[in-house]
Amino acid sequence: MHEHADHFGEDVAAAYDDPSDAMFQPRAVEATADVLHRLAAGKAALELGIGTGRIALPLARRGVAVHGIDLSEAMVARLRAKPGSEAIGVTIGDFATARAPGRYSLVYLVFNTIMNLTSQDAQVDCFANAAEHLEPGGRFVVEAGVPGLRLLPPGQNVVHFATRPARLAFDVYDTATQSMSSNYVEVSHDGHGSCRSIPFRYVWPAELDLMARMAGLRLAERWSGWSQEPFTHESTEHVSVWEKPAA
């Protein structure tokens, strides 16, 4: 068993639920939960990387029995402090390999979390683990960004993606290894600064399709977002749905 490092400790968990962040906006959360509710088809769902429950809680409120796997006890502690969390089971462990009890009609992994697994082997193991948790006919859903390499001119390996007062965020790419990091520099009012770096392994939709095929899954749907817009060569993210054969 390979256990990836926990980069979501108390310092990250304490500030993770940022209501000003786009992914916490009610419209984004509800759109995600609506699609997952439909795909669960009234049966149980398993979230890989459940975190603070951003999606698990609204999905549970829709009547879906949700279980989660997460490596970060600090993130799960934030989930446990929220109303409704008592209905959600959580297994602490590496979601690439950790087993949750039972079988599920839906396994899902949102907001680039597949890229928190920083090796191809770990990502392949994650697909195999998802497939083992699925009942026949079940679905595995992954939301991830399309690697932004089109933004890199020759000789450059840094892409800026956010600027706020006293905060700068940028990605650093290594195209030889598909490794990258998201980096956050913050300066407080008293002039003190901090820098945080989180490693990822970026992965292409076609590579994920091959991982799915190795796990015995087949592509059923691919959209450019939770509104289910068509996926095109201009899409900057994708929501992909693979299906486990019914027989």
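Buried means under 20% relative accessible area, exposed over 50%, and partly exposed in between, with a 1.4 Å probe and protein chains only. Helices (H or I, at least four residues) and strands (E, at least two) are DSSP runs, numbered from the N terminus.

The model is predicted: local features need pLDDT of at least 70 and side-chain atom pairs count only at pLDDT 80 or more, while totals for chains, interfaces and linings use all residues. Residues are numbered from 1 along each chain as its sequence is written, and side-chain values use heavy atoms, with hydrogens and water left out.

**Exercise 1. Find the buried residues of α4 and state what they pack against.**

Step 1. In helix α4, A74, M75, V76 and L79 are the buried residues.

Step 2. An α-helix has 3.6 residues a turn, so residues three or four places apart point the same way.

Step 3. Contact means heavy atoms within 4.5 Å. The buried residues of α4 pack against α1 (10-16), α3 (56-61), β2 and β3.

Step 4. Strand β2 (residues 66-70) pairs with β3 in the parallel sense over 4 bridges; two strands pair if DSSP finds at least two bridges between them. I69 has T91 in β3 as its bridge partner.

Step 5. From β2 the chain crosses through helix α4 (residues 73-80) to β3, in a right-handed β-α-β crossover. Right-handed means that, with the strands pointing away from the viewer, the path from the first strand over the helix to the second runs clockwise.

**Exercise 2. Describe the sheet of 7 strands and the helices α2 and α6 that lie on it.**

Step 1. The sheet is open, with mixed pairing and the order β3-β2-β1-β4-β5-β11-β10. Its edge strands, β3 (89-92) and β10 (218-223), each pair on one side only. The twist from one strand to the next averages 20 degrees; axes are lines fitted to C-alpha atoms, for helices over the stretch in contact, and angles run from 0 to 180 degrees between N-to-C directions.

Step 2. Strand β1 (residues 45-48) and strand β4 (residues 104-109) are parallel, with 3 bridges. V107 in β4 is the bridge partner of L46.

Step 3. Helix α2 (residues 26-40) lies across β4, β5 (134-145), β10 and β11 (237-243), at about 150 degrees to β4. Helix α6 (residues 205-214) packs on the sheet and touches β5, β10 and β11, with its direction at about 15 degrees to that of β11.

**Exercise 3. Is Q178 buried or exposed, and what of A41?**

Step 1. Most residues other than glycine have a negative phi, and most peptide bonds are trans.

Step 2. Q178, in the loop between β7 and β8, has a positive phi of about 60 degrees. Q178 counts as buried because its relative accessible area is 18%.

Step 3. A41, in the loop between α2 and β1, has a positive phi near 55 degrees. A41 counts as exposed because its relative accessible area is 58%.

**Exercise 4. Locate F127 in the largest nonpolar core and list its contacts.**

Step 1. A nonpolar core is a set of buried Ala, Val, Leu, Ile, Met, Phe, Trp, Tyr and Cys residues joined through side-chain atoms within 4.5 Å.

Step 2. The largest core has 38 residues, and L48, I114, C126, F127, F140, V142 and L217 touch the most other members. Helix α5 (120-133) gives the most to this core, with 5 residues.

Step 3. Apart from neighbours within four places in sequence, F127 is in contact with I114, F140, V142, L208, M211, A212, A215, L217 and W242.

Step 4. A second, separate core of 23 residues includes V29, V35, Y108 and W223.
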